[in-house]
Amino acid sequence: MRMSVVSTMIVAGMLLALGAPPALAEANWPGWRGPNRDGKSPDTGLLREWPETGPRLLWQVKGIGGGYSTVAVVDGVVYTSGDIDGMLHVFAFDMEGKELWRIEQGPGYTVASNLPGSRSTPVIDQGRLYIESGVGRVGCYDAKTGQTIWTRDLREFGGRQPSWGYAESVLIHKNLAIVTPGGRTSVVALDKLTGKEVWRSNYSADAHYGSPLAVSYQGAELIVVGTGSGLACINPADGKLLWSNNFAAGNVANCPTPAFSDGYIFWANGYGKGGICVRASVNNGVWSFEQAWTTRDMDCHHGGYVIVDGYIYGNNRDGWTCLDLKTGKRMWNSRGVGKGSLCWADGMLFLFGENKGQVGLAVVSPESFELKSRFSVQGTGPSWAHPVVIGGRLYLRYDQNLYCFAVK
């Protein structure tokens, strides 16, 4: 028995040295911006610097189609989407990059002048996959096989497709699949198992490009959504509007998903708009909202932001900025890898620049930003897919390529 255990340990050590390290079994990233839709990874023990050529490439998949969808990683399967020959394809790969299945979800977003390609990131919940196409088809599929369970079209709810196509990732909240068709009833909740309508909101707004966020605080819940008509908070029980603010209404494109921490809602957009922070409180189960501050120090086009220990770290124009959550005070601003998107893990920002596939690793605090490493991946066009760090691996999607690197 002892020799068997020793032999097993030796073989395991050789495999780790020669092949791909296993991802942590419990490490799941179920969809857009991670387990809590906040851009933060639970990973620890990650590399603090990379070699000049970047961390070790475990595998690369080519030909996943055009688009900006990032990945979901659940139970050892990696999911993403891409547009091929005018159709939206959804893919599932194992942890070595081998394709398990693919499906055609329906027509993709093909407007040549508006950056065609997939937008929505797959969302995995209890063995089901949810995704929304750029033209507004919402679908639920078996996550093991890709078999269709149900589909709906956002036009059924009076939806008006925004100029650059629908880009949100479906929000799963308890028994609901929540989407934003836009129009007179801009937010709609479907039964996640059947696709049947549960409620329509009484909030009229244009659909834009961020995703709704579920918030639980002091025993109360709400859905926060950024739209083309402003920021809104919706009651998840019945869809009724609790509060709204017209910040960034009529903007060219409101892309980032709102963030929440410690009673504060933060939302920032690009095109010169900046950000708004709202203080939320609950009294006997009743929500109240008060604008805390606004800022021009986080002009965020698409790359998003994270809130860590009372500070906001995010994309600001062509670089990166840290703001105090409660006051909006700017702590620092740095160029980094330029404009791009981010994921936070183990006290570091994993940065993915918009241009030329530039990737960066920065150690950050409210006092400093230190870019420790950088490298690049191959592709063409803007790299708008957000990086994902989970299970000791870094996933990057650029153009028609999906990369997986070892960063543990």
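Reader: Before anything else, what does "partly exposed" mean?
Author: Buried is under 20% relative accessible area and exposed is over 50%, with partly exposed in between. Keep in mind that this is a predicted model.

Reader: OK. Is D262 buried, partly exposed or exposed?
Author: D262 has a relative accessibility of 48%, so it counts as partly exposed. D262 sits in the loop between strand 18 (259-261) and strand 19 (264-269).

Reader: What about the phi of D262?
Author: The phi of D262 is positive, about 55°, although the residue is not a glycine.

Reader: And K174, where is that one?
Author: K174 is in the loop between strand 10 (171-173) and strand 11 (176-179). Its phi is near 55°, which is a positive value in a residue other than glycine.

Reader: Is K174 buried or exposed?
Author: K174 counts as exposed because its relative accessibility is 56%, and the cut-off for exposed is over 50%.

Reader: Switching topic. How are strand 24 and strand 25 joined?
Author: Strand 24 (residues 319-324) and strand 25 (residues 330-334) run antiparallel, with four bridges between them.

Reader: Where do W332 and F369 sit in the chain?
Author: W332 is in strand 25 and F369 is in strand 29 (residues 369-376). They are 37 residues apart, and the pair links distant parts of the chain.

Reader: Why do W332 and F369 count as buried?
Author: The cut-off is under 20% relative accessible area. W332 has 10% relative accessibility, so it counts as buried. F369 is buried too, because its relative accessible area is 17%.

Reader: Which residues form an aromatic cluster?
Author: W50, F350, F375, Y403 and F405 form one.

Reader: What does F350 touch?
Author: Leaving aside neighbours within four places in sequence, F350 is in contact with several residues, including L46, W50, C343, G360, P387 and L394. F350 also belongs to the largest nonpolar core.

Reader: How many residues are in the largest nonpolar core?
Author: That core has 36 residues, and V78, F350, V377, L394, Y395 and L396 touch the most other members. Elements that give two or more residues to it include strand 1 (56-62), strand 4 (87-93) and strand 28 (358-364). The largest share, five residues, comes from strand 32.

Reader: Which residues are in the other core?
Author: The other core lies apart from this one and has 32 residues, among them A259, W287, Y305 and I307.

Reader: Last one: where is G347?
Author: G347 is in the loop between strand 26 (340-345) and strand 27 (348-353). At 22% relative accessibility, G347 counts as partly exposed.

Reader: What does G347 touch?
Author: Not counting residues up to four places away in sequence, G347 touches A362, V363 and V364. As for L46, G347 is 301 residues from it in sequence and 9.5 Å from it in space, C-alpha to C-alpha.

Note on methods. Residues are numbered from 1 along each chain as its sequence is written. This is a predicted model: local features need pLDDT of at least 70, side-chain atom pairs count only at pLDDT 80 or more; totals for chains, interfaces and linings use all residues. Side-chain values use heavy atoms; hydrogens and water are left out. Two strands pair if DSSP finds at least two bridges between them. Buried means under 20% relative accessible area, exposed over 50%, partly exposed in between (1.4 Å probe, protein chains only). Rings of Phe, Tyr and Trp (its six-membered ring) pair if their centres lie within 6.5 Å; planes under 30 degrees apart count as stacked, over 60 as edge-to-face and the rest as tilted. Contact means heavy atoms within 4.5 Å. A nonpolar core is a set of buried Ala, Val, Leu, Ile, Met, Phe, Trp, Tyr and Cys residues joined through side-chain atoms within 4.5 Å.
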